[in-house]
Structure formats: structure tokens, C-alpha cells
Amino acid sequence: MNPTTIDQVDRTVTIEWPDQATESLPFGAIVQIEHARAWDGAPEELFIAFQDGRRLLLSQGSTVQKHSELLKAWLSDRMVELPVGE
């Protein structure tokens with residue numbers, strides 16, 4: 001089960017926290033989407049930075065490409081490629 005869901009229709013990111021209530025945030029709350037390429041044995045990762053200062057690991061490994069494509073449709077201006085190794 002994936003703890004984070006991207007809904008393009010409602011334009012929300014829903015996070016299923018392990019010990020807390022499920023939280024749904026609008027795309028408008030996203031400040032930046034950070035794509036870290038696989039490097040030196042570390043998997044490819046996708047992070048989301050929110051206006052409230054939180055930074056969430058959205059996906060890692062094989063699901064990064066799918067999540068990246070879903071978010072690019074609405075938020076391509078907020079997506080950045082991190083330098084290799086970060």
C-alpha cells in the first residue's frame with residue numbers, strides 16, 4: 001500500500017500517516033517538487049516541500065517516474081532536479 005496518493009481531479013496530495021489521521025493537502029500548498037536521481041547505489045527519489053515547511057519523501061525507486069508525471073501536469077513550474085548526490 002502506498003501511504004501517499006496524488007489526485008489530479010481534486011488536485012490534492014493525500015498522506016496516510018501511520019499513527020495520525022489521514023491528511024489531504026491541495027496542490028497550492030506545494031512550494032517545490034524535488035527529483036533526486038539514482039546515484040552511487042541510492043535509489044531515485046521524489047520529495048515535496050510544502051508551504052508549512054514540511055518536506056515529504058513522496059516516492060522512491062520504481063514509483064518515482066509515475067508520481068513525477070502525475071505532478072508535472074499541474075506543477076511543472078515547481079519541479080526541480082537536484083544535483084547528483086543530494
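Trainee: Which strands does α1 lie across, and how is its angle to β5 defined?
Mentor: α1 lies across β4, β5, β6 and β7, running at about 40° to β5. The angle comes from axes, lines fitted to C-alpha atoms (for helices over the stretch in contact), and runs from 0 to 180 degrees between N-to-C directions. Contact means heavy atoms within 4.5 Å. This is a predicted model, where local features need pLDDT of at least 70 and side-chain atom pairs count only at pLDDT 80 or more, while totals for chains, interfaces and linings use all residues. Residues are numbered from 1 along each chain as its sequence is written, and side-chain values use heavy atoms, leaving out hydrogens and water.

Trainee: What makes one face of α1 the buried one?
Mentor: Buried means under 20% relative accessible area, exposed over 50%, and partly exposed in between (1.4 Å probe, protein chains only). Val64, His67, Ser68, Leu71 and Leu75 are the buried residues of α1. Down the helix axis they fall within an arc of 100°, so they line one face; the arc is that of the directions from the helix axis to the C-beta atoms. Lys66 and Ala73, on the other side, are exposed.

Trainee: Why are β6 and β7 called edge strands?
Mentor: Two strands pair if DSSP finds at least two bridges between them. The open sheet has the order β6-β5-β4-β7, with mixed pairing, and β6 and β7 each pair on one side only. β5 and β6 have five bridges, antiparallel, so they meet the cut-off of at least two. In β6, Leu57 is the bridge partner of Phe47.

Trainee: What makes a set of residues a nonpolar core, and which members touch the most others?
Mentor: The members are buried Ala, Val, Leu, Ile, Met, Phe, Trp, Tyr and Cys residues joined through side-chain atoms within 4.5 Å. The largest such core has 17 residues, and Phe27, Ile30, Ile33, Ile48, Phe50 and Leu71 touch the most other members. β2 (12-15), β4 (30-36), β5 (45-50), β6 (55-60) and α1 (64-75) each supply at least two residues of this core.

Note on methods
Helix = DSSP H or I, 4+ residues; strand = E, 2+ residues; numbered from the N terminus.
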